[in-house]
Amino acid sequence: MTRAFLIVLDSVGIGGAPDAEAFGDAGSNTLAHIARECAAGRAEQGRSGPLRMPVLDALGLGAAVRLASGAEAPGLGVTPQGMWGAATEVSRGKDTPSGHWELAGVPVPWDWGYFPDTVPAFPQDVVAKVCELAGVDGILGNCHASGTEIIDRLGPEHMRTGRPICYTSADSVFQIAAHEESFGLPRLIALCQGLAPMLHAMNIGRVIARPFVGAPGHFSRTANRRDFAIAPPAPTLLDWAQGAGRVTHAVGKIGDIFSHRGITHLHKGKDDAALFEHLDGLARDAEPGSLTFANFVEFDSLYGHRRDVSGYARALEWFDTRAGAFLNRLQPGDLALFTADHGNDPTWHGTEHTRERVPVLMSGRGAGQIGLCAFADVGASVAAHLGIPAQGPGRSFL
């Protein structure tokens with residue numbers, strides 16, 4: 001039986017979402033704008049020159065950018081040798097769960113809950129619950145913030161008082177940062193897990209534990225992040241595969257995003273390099289007929305939100321090199337499908353995700369254009385490749 005590898009390059013959007021204006025993102029284009037900055041010599045930190053992604057471009061990356069948005073991405077322009085297209089999201093959000101669930105065949109049927117961009121941002125009953133669970137007399141933050149900035153700013157007070165740092169963003173999320181040593185990692189995880197049911201009832205998508213270490217002026221977040229997400233509203237591609245008796249492998253934060261439903265084996269790592277080691281191993285060892293679903297988050301977390309064009313370009317070029325070696329390890333009949341869940345244009349205003357279409361690039365199914373498709377079509381197509389029944393609104397493009 002053939003295998004499938006569904007690989008999400010977190011936030012690598014390609015512009016052109018028809019409803020981008022409603023999100024304040026009309027004109028955003030993560031990949032095209034990075035490519036333009038590289039070609040103009042404005043992304044020279046740790047790399048130099050035009051953006052180089054020959055492996056994914058050969059599958060159709062540059063062509064997908066042009067299809068999605070009409071934009072040119074300098075350096076990406078070869079004739080595609082894979083099957084390629086661009087996907088459009090219908091869920092009313094530009095967040096991680098919405099994108100991943102819909103790629104797995106389940107659009108979000110509700111409106112997410114959000115916290116206002118005010119100080120304080122959180123209702124008093126939520127603050128009281130945090131204090132009760134943590135055994136503290138107050139919280140710090142209580143606002144919209146960048147995670148690294150608020151840790152630098154409030155970390156010293158957090159270590160003095162023991163009060164957790166609570167913040168949110170334009171996403172449907174409640175984040176709690178705490179020092180792994182002075183506050184305690186198990187205590188932070190228990191706090192987030194205990195708070196999650198209350199916030200899920202408010203349609204807040206995720207409660208995220210954001211542990212950090214270090215001393216004032218030298219704080220750094222660790223790899224021990226945990227997301228407590230609302231469960232998907234219907235069975236997803238992972239459930240379909242497991243229900244058909246197939247083994248499923250979740251690489252990276254896929255387990256957290258899907259509330260650990262439909263997952264046989266979980267593969268975690270401290271960074272994207274460690275996650276790619278897992279992916280390479282699965283290319284060699286994954287069972288016949290299995291599904292591997294992987295997320296590579298550092299494009300988003302380290303470079304998109306921080307508006308670091310050079311860093312984002314370095315990460316893309318690194319990934320492309322690793323993708324070439326990975327594809328060479330696949331077996332005859334395997335499908336590798338590369339896509340993304342939303343955009344995070346590092347040239348855009350603010351620090352939030354951007355509403356964009358995403359690439360759909362396939363190796364193992366010949367060459368050709370699939371055109372514009374829906375996010376949910378990705379899950380239906382992977383299911384079709386595996387020969388398992390699909391549910392939901394998606395239609396296979398294979």
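Me: In β13, which residue is the bridge partner of F338?
Reply: This is a predicted model, where local features need pLDDT of at least 70, side-chain atom pairs count only at pLDDT 80 or more, and totals for chains, interfaces and linings use all residues. Residues are numbered from 1 along each chain as its sequence is written, and side-chain values use heavy atoms, with hydrogens and water left out. Three bridges join β12 to β13 (residues 358–363), and these strands run antiparallel. The partner of F338 there is L361.

Me: In β12, what is the bridge partner of V8?
Reply: Strands pair if DSSP finds at least two bridges between them. β1 (residues 4–9) and β12 are joined by five bridges and run parallel. The partner of V8 is T339.

Me: How many of the five residues of strand β12 are buried?
Reply: Buried means under 20% relative accessible area (1.4 Å probe, protein chains only). L335, L337 and T339 point one way, A336 and F338 the other, and all are buried. In a regular strand, side chains alternate between the two faces of the sheet. β12 (residues 335–339) is largely enclosed by the rest of the structure, because the buried count is five of five.

Me: At what angle do helices α10 and α12 pack?
Reply: Axes are lines fitted to C-alpha atoms over the stretch in contact, and angles run from 0 to 180 degrees between N-to-C directions. Angles under 35 degrees count as roughly parallel, and α10 and α12 are therefore roughly parallel to each other. With axes 9 Å apart, α10 (residues 272–285) and α12 (residues 309–329) pack at about 15 degrees.

Methods:
Helix = DSSP H or I, 4+ residues; strand = E, 2+ residues; numbered from the N terminus. Parallel < 35°, antiparallel > 145°, perpendicular 65-115°, else oblique. Buried < 20%, exposed > 50% of the residue type's maximum accessible area, 1.4 Å probe, protein only.
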